[in-house]
Amino acid sequence: MRTTITVNGQARALDLDPRTTLLDALREHLRLTGAKKGCDHGQCGACTVLVNGVRINSCLSLAVMHDGDEVTSIEGLGTTEALHPVQRAFLTEDAFQCGYCTPGQICSTVGMLAELEAAIPSQETPRGAKPALTDAEIRERMSGNICRCSAYPQIVAAIKSAAEAMA
Amino acid sequence: MKAFTYERAQSAEAAVKAATATPAAKFIAGGTNLLDLMKLEIEQPQHLIDVGRLPMAAVEDTADGGLKIGAMASNSHAAADPRVRQRYPLLSEAIVAGGSPQLRNKASVGGNLMQRTRCAYFYDTSKPCNKRQPGAGCAALEGLNRNAAIFGASHACIATHPSDMAVALAALDARVETLSPTGQARSFPILELHRLPAERPEMDTHLVPGELITAVVLPPPPKGAQVYRKVRDRASYAGGLASIAVAGPNVALGMVAHKPWRAVDAEAALAAGATPAEAMARELDGASSAGRNDFKIALVARLGAAALAEAKGERT
C-alpha cells in the first residue's frame with residue numbers, strides 16, 4: 001500500500017504490506033534504527049516515537065494508519081553537533097548504561113513534558129490540580145518505558161534537569 | 001501476523017457498510033489491543049477498517065447537563081478534558097489508572113470498551129480457551145486463575161473484562177451510542193454492552209457484527225462523592241486484580257467479572273443503612289472463586305469497604 005509519512009521533517013513515500021508496523025517502517029524501510037524493538041507488544045517503550053507531537057508505541061501501530069502524519073524519531077530530535085536538551089541531560093546525568101532503551105526514554109520524555117504543559121493528568125495528579133513536575137509524577141509518567149539496567153534515578157534527574165533547561 | 005487488507009473509512013456509515021460487506025472484517029482505531037492480539041494470531045481479521053480518523057473525537061456538553069465523549073477520543077484526551085476532571089473525576093482517574101501514557105495517547109474510548117480479556121490462557125495459543133476457540137475447553141478453570149472472575153462466571157469461561165474506564169462508566173450510568181450495519185443509530189446503558197460468558201464466551205458484547213460504537217454519553221453526575229480505587233501487583237502500568245468505582249449511591253466493581261460489575265446488592269444495602277463493610281458482604285454473598293483467586297473475595301470486601309468509607313468522608 002502506498003503511504004506517505006513525514007519523518008523528521010521529510011516526506012517519505014513508502015509502498016508497504018499493511019502488516020508493517022510504524023516501528024518496522026522506520027527501522028527496516030527507512031533505516032532509522034534509533035527506535036528499538038524491545039518487546040514488540042507495547043510493554044517496554046523502547047519503540048516510543050512522537051506522532052504529530054504525541055508519544056506512542058510505534059510497535060503497536062500500523063504504518064498505513066499514519067499516512068499524512070508527522071513522525072519524529074530520536075534521529076529527528078537533535079544532532080551530534082546540536083543535541084536536544086533532553087539528549088544533553090541524559091548524557092550529563094549519566095541516565096543510561098547499555099543505552100538500548102534510551103532513544104525511547106528520550107522521545108518519551110519529550111512527549112511527557114508536552115503532556116505536562118498541556119495539563120494532562122496522571123494518577124499522581126491531585127484531583128482538580130494542574131500536574132507539577134514532581135519525582136512521583138515523572139516516575140508515573142515514565143512507567144511505559146522500562147530500563148533493564150535500572151538507571152531510573154538518573155533518568156528522573158535527567159528529566160528534571162532537561163525541564164529546567166527548556167523552561 | 002496473518003495477511004489482511006486495509007481501508008480507511010471516510011464516514012461512520014461507510015465503515016459499517018464495509019464491515020458487513022467484507023468477511024472477517026474488524027474496525028481498528030488506536031489498535032493498541034487489536035494489533036497486540038494480531039501479532040499473536042489470536043485475532044486474525046482478513047480486513048481492517050480504520051475508523052481512527054472519523055470525526056468522532058470531540059467531548060461535547062449535552063443539553064441535559066451531561067457530556068458526550070466521541071468514541072475516537074483518545075483515552076488521554078478524555079481523561080484530560082476539564083469538564084471530565086471537574087464533573088466526573090472518577091472517570092478521569094479510572095482512565096489514568098489503566099495502561100501507560102503511550103497507550104492512552106493512542107487508545108480510543110470506543111476501543112477501550114472493546115478490549116479483550118487478559119486471561120493468560122486467552123493469550124497462550126498452546127492451551128485451550130473457549131473464548132479464543134469455541135468448544136476447546138477452559139484451561140483457567142483449574143489453572144493459573146489468580147485474576148479470574150468471582151461474579152457471573154460460567155463453566156465455559158472465568159475471564160474478566162480488563163477495562164478501568166468501563167468500571168467508572170458503569171458507576172456513572174453512562175450510555176453507549178452505536179451505528180448498526182443497517183445505518184440505524186441506537187443508544188443503550190453501558191451495562192447492556194458487555195455480556196456474561198454463559199455458553200458463548202467468544203462473544204464479549206451484545207453488539208451485532210459490524211456495529212460501531214460512536215460515542216459514550218454521560219448523564220449529569222449523581223449527587224455525592226466519586227471514588228476510584230484499583231488494586232494491582234505494581235504501582236503503575238499493571239492490569240488490576242480488582243477495582244471499585246463509587247459515584248454517589250452507585251457502586252461498580254472491575255476485574256471481577258466478564259463485564260463491569262454493578263454492585264446492586266451493595267447499593268441496596270447502603271440505601272437501607274448498611275455500613276460499607278456490611279454492604280460489601282451482601283454483594284459478596286453472590287461471589288464464587290476458582291482456587292488461586294480465592295483471595296479476591298476478601299480483597300474486594302476490604303477494597304470496597306475502604307472506598308465506600310472514603311466516599312462517605314470517613315478516613316480509611
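In chain A, 15 residues of domain 1 are in contact with 14 residues of domain 2; contact here puts the C-beta atoms, placed from the backbone, of two residues within 7 Å. This is a predicted model, in which local features need pLDDT of at least 70 and side-chain atom pairs count only at pLDDT 80 or more, while totals for chains, interfaces and linings use all residues. Residues are numbered from 1 along each chain as its sequence is written, and chains are lettered from A and ligands numbered from 1 in the order in which they are written.

**Chain A**

Domain 1 of chain A spans 2–76 and domain 2 of chain A spans 85–166. The bounds come from an automatic or database domain assignment. Taken over C-alpha atoms, the centres of the two domains of chain A are 21 Å apart.

On the side of domain 1 that touches domain 2 in chain A, β3 (48–51) and β4 (54–57) each supply at least two residues. Strands (E, at least two residues) and helices (H or I, at least four) are DSSP runs, numbered from the N terminus. β3(A) gives the largest share of that side, three residues. By class, that side of domain 1 of chain A has eight nonpolar, five polar and two charged residues. Ala, Val, Leu, Ile, Met, Phe, Trp, Tyr, Cys and Pro count as nonpolar, Asp, Glu, Lys and Arg as charged, and the others, Gly among them, as polar.

Chain A holds six helices and five strands. From the N terminus on, their order is β-β-α-β-β-β-α-α-α-α-α. The radius of gyration of chain A is 16 Å, close to the 15 Å that the globule rule gives for 167 residues, so chain A is as compact as a globular protein of that length. That radius is taken over C-alpha atoms, and the rule is 2.2 Å times the number of residues to the power 0.38. Along the principal axes, the C-alpha atoms of chain A fill a box of roughly 45 × 35 × 30 Å.

**Between the chains**

Chain B brings 29 residues to the contact and chain A brings 32 residues. Several elements of chain B give two or more residues to the side that touches chain A:

| Element of chain B | Residues |
|---|---|
| β1(B) | 5–8 |
| α2(B) | 34–39 |
| α3(B) | 75–80 |
| α5(B) | 89–96 |
| α6(B) | 101–106 |

The largest share of that side, five residues, is from α6(B). The side of chain B that touches chain A divides into 13 nonpolar, ten polar and six charged residues.

**Chain B**

Five strands of chain B form an open antiparallel sheet, ordered β4-β5-β8-β6-β7. Strands pair if DSSP finds at least two bridges between them. β4 (59–61) and β7 (185–189) of chain B stand at the edges with a single partner strand each, so one side of each has no neighbour in the sheet. Neighbouring strands of this sheet are turned by 25° against each other on average, direction ignored. β4(B) and β5(B) (residues 67–70) pair over three bridges, in the antiparallel sense. B:Lys68 in β5(B) is the bridge partner of B:Glu60.

Helix α1(B) (residues 12–21) lies across β6(B) (175–179) and β8(B) (212–218), at about 130° to β8(B). Axes are lines fitted to C-alpha atoms, for helices over the stretch in contact, and angles between N-to-C directions run from 0 to 180 degrees.

The axes of α11(B) (residues 276–284) and α12(B) (residues 295–311) come within 8 Å and cross at roughly 140°. Residues in this contact include B:Met280 and B:Leu284 of α11(B), and B:Ile297 and B:Gly304 of α12(B). By class, the contact of α11(B) with α12(B) has twelve nonpolar, one polar and no charged residues.
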